[in-house]
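Hi,

Here is the structure I promised to pass along.

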Amino acid sequence: MTEPVPNRVAAIDCGTNSIRLLVADLPDPSAGPEAELVDVVRRMEIVRLGQDVDRTGRLAPEAIERTRVALADYAARIAELGAGRVRMCATSASRDASNAEEFRAMVLATLGVEPEVVTGDEEARLSFTGAVRGLGPDVPAPYLVVDIGGGSTEFVVGGRPTGGSAVVDAAVSVDVGCVRMTERHLADDPPTAAQIAAAEADITAVVDRALAAVPGREAATLIGLAGSVTTVAGIALGLPEYRSERIHHARISYDEVAKVTADLLARSAAERLTIPVMHPGRADVIGAGALVLKVIMERAGMDSVIASEHDILDGIAWSLGGAAPVPGR
């Protein structure tokens, strides 16, 4: 094991669809609130931990095993890179599962730390902190940050960071995500018009409840997080391959999102795999994820969205140092 590197931390986000790792160096607190994390490594694996959770209420044994394999690889990388502090947050799937204790025991045995099954409110606040740090002064506040996951979507409204931490006004987590909506509504491949209409009606009802709980319609800027948003952005930009540096902070219009969504829902999963920016593990659920984004833009009255590659992972990393405490904690 490598000796710990000063200020080097490791953040793991285990969601319904993917598990992700960020090893990063925190800035010295004396560097000021505008200083940014320095990435050492970012990794993502599609493990589909939330497989069938919406139907069975339990984590499938094969899903737990897929997650264990990815986590063991992450643990080895963390040790190799000398990250002295590690935090793993588990989100929607492990909140919903009746056998969450099996998952917790697996993580402790594999990683050496227990997963924190964060509340939807804390998940939203971590995502907001990660997303809004680094936005330029030309991006007007207040912000509506939406993190579209596999099983849930977080809505957070707040302002520009001051004194090293983000100002969060309101946050809510709702049970709408790309995996959940695909399993619940989009049974055919490609889905039928009736299935798409049912999914859109379900999403609209939940999004309207979320926007009633947080003042999202009053925000000046919409920021979208996670793979559904960044994949839609990459398609809209016409990228020949997935390029994070092009996608991060790209502004995508509503018309572009609507066009990409319609195209994705008209294709089969096999046809979506031919799209250059498509991750193989996302092809079967990206149609639902794009539909969630489109409905949010419609219901919030937003004519564009800024895609961000920085999200809950960055928020978890910031929470491990003194430079940026987690808002609301």
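In which sense do strand E1 and strand E4 pair, and over how many bridges? Strand E1 (residues 8-14) and strand E4 (residues 85-90) run in the parallel sense, and six bridges join them. One of the pairs to look for is Ala10, whose bridge partner in E4 is Val86. Please keep in mind throughout that this is a predicted model.

Those two strands belong to an open sheet of five, with the order E3-E2-E1-E4-E5 and mixed pairing. At the edges are strand E3 (38-46) and strand E5 (116-117), each of which pairs on one side only. Helix H4 (residues 100-111) lies across E1 and E4, and the angle it makes with E4 is about 160°.

Next, the charged pairs. Asp13 forms a salt bridge with Arg20, with 2.9 Å between the closest N and O atoms. Arg20 also meets Asp311 in a salt bridge, again listed at 2.9 Å from N to O. This second pair links distant parts of the chain, as its residues are 291 apart: Arg20 sits in strand E2 (residues 18-25), while Asp311 is in the loop between strand E11 (304-308) and helix H13 (312-319). Taken together, Asp13, Arg20 and Asp311 are linked in a network of salt bridges. Are these residues buried or exposed? Asp13 and Arg20 are both buried, and Asp311 is buried as well.

Asp175 has a relative accessibility of 42%, so it counts as partly exposed. Arg180 counts as buried because its relative accessibility is 9%.

What about the cysteines? A search of the whole structure finds zero disulfides. Cys14 is in no disulfide, and the nearest cysteine sulfur to it, that of Cys89, is 10 Å away. Cys89 is likewise in no disulfide, with the sulfur of Cys14 as its nearest, 10 Å away. Cys14 has a relative accessible area of 1%, so it is buried, and Cys89 is buried too, at 0%.

The largest nonpolar core has 50 residues, and Leu144, Phe155, Ile203, Leu264 and Leu293 have the most contacts inside it. At least two of its residues come from each of strand E6 (143-148), strand E7 (153-162), strand E8 (165-174), helix H7 (193-213), helix H8 (227-236), helix H10 (254-266), helix H12 (286-300) and E11. Which of these elements gives the most to this core? That is H12, with ten residues.

I look forward to hearing what you make of it.

Best wishes

Technical notes:
Residues are numbered from 1 along each chain as its sequence is written. This is a predicted model: local features need pLDDT of at least 70, side-chain atom pairs count only at pLDDT 80 or more; totals for chains, interfaces and linings use all residues. Side-chain values use heavy atoms; hydrogens and water are left out. A salt bridge is a side-chain nitrogen of Lys or Arg within 4 Å of a carboxyl oxygen of Asp or Glu. Buried means under 20% relative accessible area, exposed over 50%, partly exposed in between (1.4 Å probe, protein chains only). Helices (H or I, at least four residues) and strands (E, at least two) are DSSP runs, numbered from the N terminus. A disulfide is a pair of cysteine sulfur atoms within 2.5 Å. Two strands pair if DSSP finds at least two bridges between them. Contact means heavy atoms within 4.5 Å. Axes are lines fitted to C-alpha atoms, for helices over the stretch in contact, and angles run from 0 to 180 degrees between N-to-C directions. A nonpolar core is a set of buried Ala, Val, Leu, Ile, Met, Phe, Trp, Tyr and Cys residues joined through side-chain atoms within 4.5 Å.
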